[in-house]
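Here's a quick briefing to read alongside the model. Have the 3D view open and follow along.

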Amino acid sequence: MQQDLDPDLALDWHSAPRPDGGVLYRDLPTRREAARDLGGIVHALPGAVLRPAGGRDIAHLLSWASLRGVPASAAGTRHQMGGQASPGEGGLIIDTRSLSEIYDLQDDHITVGAGTTLRQITEAASARGLRTISGSTGYTRLTVGGVCSAGGITSTYRTGALIDSVEELEVVTAAGEIHTCTAEDNAELFNAALAGGGRGGIITRVRLALTHAPSRVRTWTLHYTQDPEQTRVMLADMRMLADRGEVDELWVQWLRDEQVDHTTYRMHVSSYYTGPEPDPQVLLQDLHREPAEVTDETWGAHAIRHDALYDTIMPEWAARPKAWSCYFLPESELAQWCDRTAAELDETDYGTPLSQGLMFPHKRTAFARPGLHLPEPTGDPNELVVLWGVLLETSNDTPAEQWLPPRMGRARRWVDHLHTLGGTVYPIGSDPVTPDDAPTTDSTDDLMATHDPHQILSGPYAGRVATHLARRHN
Ligand SMILES: Cc1cc2nc3c(=O)[nH]c(=O)nc-3n(C[C@H](O)[C@H](O)[C@H](O)COP(=O)(O)OP(=O)(O)OC[C@H]3O[C@@H](n4cnc5c(N)ncnc54)[C@H](O)[C@@H]3O)c2cc1C
């Protein structure tokens with residue numbers, strides 16, 4: 001639809017409405033800073049960057065942009081890896097980091113601006129003995145608006161994603177309307193915005209459910225060599241723990257161990273406690289491994305435990321191009337998927353200390369929001385869905401122009417194979433996406449056809465609505 005619009009008109013930034021409290025930046029340094037994300041693969045110089053003071057600034061600019069077909073997107077900390085927060089060359093970036101404010105903190109919820117980081121939310125809640133129900137992402141210096149647009153998969157495997165504990169949103173649509181929505185009121189917009197990759201509208205305010213935090217967290221780490229036999233042993237232990245549902249967090253990491261020249265899974269199993277200490281004889285009984293490590297920390301320290309690592313390596317790490325692949329797999333396909341991908345990864349992939357693989361098992365039934373694009377349910381009430389990811393980055397040894405292309409080609413093959421297994425892309429990485437990978441539901445497409453007729457918020461999924469609607473009507 002955008003081809004019908006006059007491109008010269010789209011570039012007339014002088015006619016853009018002046019923000020009321022926010023700032024519309026057109027200078028080159030600000031636009032250059034916004035031209036890249038943490039993945040370092042996509043570079044697209046925006047035409048302008050809005051740092052809004054509130055929803056009204058966004059509404060005015062979006063209705064102006066919508067009339068002219070100027071592509072727009074929200075950008076938080078821009079930590080997605082494949083240009084997802086980019087509107088493309090000449091577009092409008094709405095830098096939501098200026099919406100960083102805690103409006104309300106009660107025993108059962110917190111209401112914040114979309115640019116507030118999960119770190120700020122975690123610290124504010126923790127200071128009152130509270131925590132988010134869903135737990136937090138591994139790294140917490142990410143905006144809540146950005147994470148809500150992705151989904152927010154955590155190691156708390158029983159409570160769904162971060163979006164499952166969102167109670168209310170304020171969203172500005174492409175047409176420039178400001179709406180409050182919940183799972184009951186204005187539910188279509190609510191569901192389109194959560195895990196919507198910014199397509200449903202710009203989230204400006206989020207209310208998240210909270211619960212009481214424990215005093216301390218005990219974590220046991222169990223090691224398994226990454227070979228076909230031990231992969232199955234590890235997956236059986238993961239399934240046993242998930243079925244019992246006694247521990248509070250469960251996730252698996254794998255790293256290359258240079259000393260023994262192989263890759264080792266580390267399964268991290270955490271138990272929250274305030275009174276008596278948790279008993280590993282009970283919690284870890286019948287597993288195939290004894291814990292190799294045990295840690296015990298306060299809830300506050302545990303909730304932000306990975307941040308320090310990233311803090312020490314930024315901004316050098318931010319500058320390195322990255323190849324992140326993140327997929328949801330049905331549990332039935334996981335063992336073979338692990339064998340296949342492990343055989344394709346070697347020391348040139350795990351070239352830096354932060355290069356690693358991750359698995360987050362989740363109870364399928366705990367995911368309630370339709371926007372998160374998951375494998376089809378099997379109907380088994382105990383079904384697990386697993387987020388599998390490899391997070392790789394260039395080392396100093398190999399120039400990015402040599403290192404990246406084979407990995408992007410491999411990711412394309414992986415995505416093709418993933419689709420044949422019924423898996424789906426979790427689109428936070430640098431995987432090449434097509435409009436078919438768009439986080440969507442039928443109602444998102446309907447909603448976009450109404451609220452965003454020129455698809456200015458489509459980002460890398462441009463063309464999705466037209467194709468999807470045509471397919472449905474044929
Ligand atoms: C070190 C690290 C660890 C991570 N760990 C996890 C993890 O454990 N679990 C997990 O699920 N994810 C994890 N992620 C991924 C992370 O959740 C997503 O990349 C998230 O989207 C980042 O938020 P952001 O503010 O950087 O979003 P951006 O990259 O700025 O934006 C991401 C997308 O959301 C849209 N968007 C941003 N803000 C808004 C808004 N206010 N309204 C509408 N759309 C918006 C953008 O247009 C874009 O499409 C991790 C990322 C990193 C870098």
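This is a predicted model: local features need pLDDT of at least 70, side-chain atom pairs count only at pLDDT 80 or more; totals for chains, interfaces and linings use all residues.

Residues are numbered from 1 along each chain as its sequence is written.

**Domains**
- The chain splits into domain 1 (2–96), domain 2 (102–212), domain 3 (216–425) and domain 4 (435–473); such bounds come from an automatic or database domain assignment.
- Domain 2 puts 13 residues in contact with 14 residues of domain 4, where contact means that the C-beta atoms, placed from the backbone, lie within 7 Å.
- On the domain 2 side of that meeting, you'll find 5 nonpolar, 6 polar and 2 charged residues (Ala, Val, Leu, Ile, Met, Phe, Trp, Tyr, Cys and Pro count as nonpolar, Asp, Glu, Lys and Arg as charged, and the others, Gly among them, as polar).

**Around the ligand**
- The ligand is surrounded by 34 residues, and the closest are Gly76, Gly145, Gly146, Ser149 and Gly198; to be near it, a residue needs its C-beta atom, placed from the backbone, within 6 Å.
- Strand S3 (72–75), helix H5 (144–150) and strand S10 (202–212) each supply at least two residues of this shell, and H5 gives the most, with 5 residues.
- Those labels are DSSP runs numbered from the N terminus: helices are H or I with at least four residues, and strands are E with at least two.
- Sorted by class, the shell has 14 nonpolar, 18 polar and 2 charged residues.
- Both domain 1 and domain 2 give residues to the shell, so the ligand lies between them.

**A helix pair**
- The axes of H7 (residues 228–244) and H12 (residues 334–344) come within 10 Å and cross at roughly 140°. Axes here are lines fitted to C-alpha atoms over the stretch in contact, with angles from 0 to 180 degrees between N-to-C directions.
- That makes H7 oblique to H12 (under 35 degrees is roughly parallel, over 145 roughly antiparallel, 65 to 115 roughly perpendicular, and the rest oblique).
- Pro228, Thr231, Arg232 and Leu235 of H7 meet Leu334, Ala335, Cys338 and Asp339 of H12.

- The peptide bond from Met314 to Pro315 is cis, with omega near 0°; Pro315 is in the loop between H10 (307–313) and H11 (316–319).
- Asp286 isn't a glycine, yet has a positive phi of about 70°.

Notes
Two residues are in contact if their C-beta atoms, placed from the backbone, lie within 7 Å.
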